[in-house]
Amino acid sequence: KATWKVKHIIKWSYKVVGGNEFLCQYARPYNSSVILLPTVVDTEAGHHKIKNQLEGDRVVVGWTGTHTTLHNLEEMQHLLPELKKEIDFDLLVISNKPPDWKFDFIFKKWEEKTEIEDLLKMHVGIMPLKKGPWFEGKCGFKLIQYHACGIPAVASPVGVNAFITLHEKTGFIAGNDAEWKKYLKQLITDTRLRVQMGKAGREHIEKNYSLNNQLGVFVSLFS
């Protein structure tokens, strides 16, 4: 919160790690040793289970995050009830606190021991994000989790979202209400597309956002 001190900490540091290019660009004027190290997941032990897109009687669209980031999801408060009138699906919110909404949704309190099991209840993940420097600095953990579990996603065109959710390959990038509706409808109705994008997303995370893939970069920080 004391933003004035950040540049001094960067300047005094031996090396600086940024979770995305936006953060690295901020740090470079103050330090000559800035390393990009994205958020990663363990695809062999933690996020090792893959969603079976053929299971379940109803398609579940899901979001996960703490109550401090719920305001991003609330950007879709007007759109989700409209979409539910047009197409049948369940909405799952995984958090430590439910949103104050008047329309139907499923709330699951986040628990470490059931985190992966709860994520796998989703067929489609969403990551709406507001615009601004704070949001440019976010590192897309939700999307990394979704794709690691073989879950295609729809996300806002902000920050690293488009690097994690590859448009029309691992999911979709939606810039307005019409696009959000269009892409969610596609994923809700097309099982084959979900399977295809889920597989591509998993491969993308293993290659670029996995513990094994980035281990060498992490170890190099101490040399």
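Let's start with what covers the buried residues of H10. The cover includes strand S6 (124-127), helix H7 (141-148), helix H8 (161-164), strand S8 (171-173) and helix H9 (177-189). Covering here is by contact, meaning heavy atoms within 4.5 Å. Helices (H or I, at least four residues) and strands (E, at least two) are DSSP runs, numbered from the N terminus.

Two notes on the source. This is a predicted model, where local features need pLDDT of at least 70, side-chain atom pairs count only at pLDDT 80 or more, and totals for chains, interfaces and linings use all residues. Residues are numbered from 1 along each chain as its sequence is written, and side-chain values use heavy atoms, with hydrogens and water left out.

Back to H10. Its buried residues are Leu193, Arg194, Met197, Gly198, Ala200, Gly201, Arg202, His204 and Ile205. Buried means under 20% relative accessible area, exposed over 50%, partly exposed in between, with a 1.4 Å probe and protein chains only.

What span should H10 have? The helix covers residues 191-208, 18 residues, and at 1.5 Å a residue it should span 26 Å. The expected span is 1.5 Å times one less than the number of residues. The end C-alpha atoms are 26 Å apart, which agrees. At the N-terminal end, Asp190 is the cap. One of its side-chain oxygens lies 3.2 Å from the backbone nitrogen of Arg192.

Next, the loop between H8 and S8. Thr165 is found there. Thr165 counts as buried because its relative accessible area is 0%. Leaving out residues up to four places away in sequence, Thr165 touches Leu143, His147, Ala153, Ala155, Thr170, Gly171, Phe172 and Ile173.

Glu168 is found in that loop too. Buried or exposed? Glu168 counts as exposed, at 55% relative accessibility. Glu168 has a positive phi of about 70°, although it is not a glycine. Most residues other than glycine have a negative phi.

Last, the largest pocket. H2 supplies the largest share of the lining, four residues.

Conventions: A polar contact is a pair of N or O atoms within 3.5 Å; within protein, one must be able to donate a hydrogen and the other to accept it, and residues adjacent in sequence count only if both atoms are side-chain atoms.
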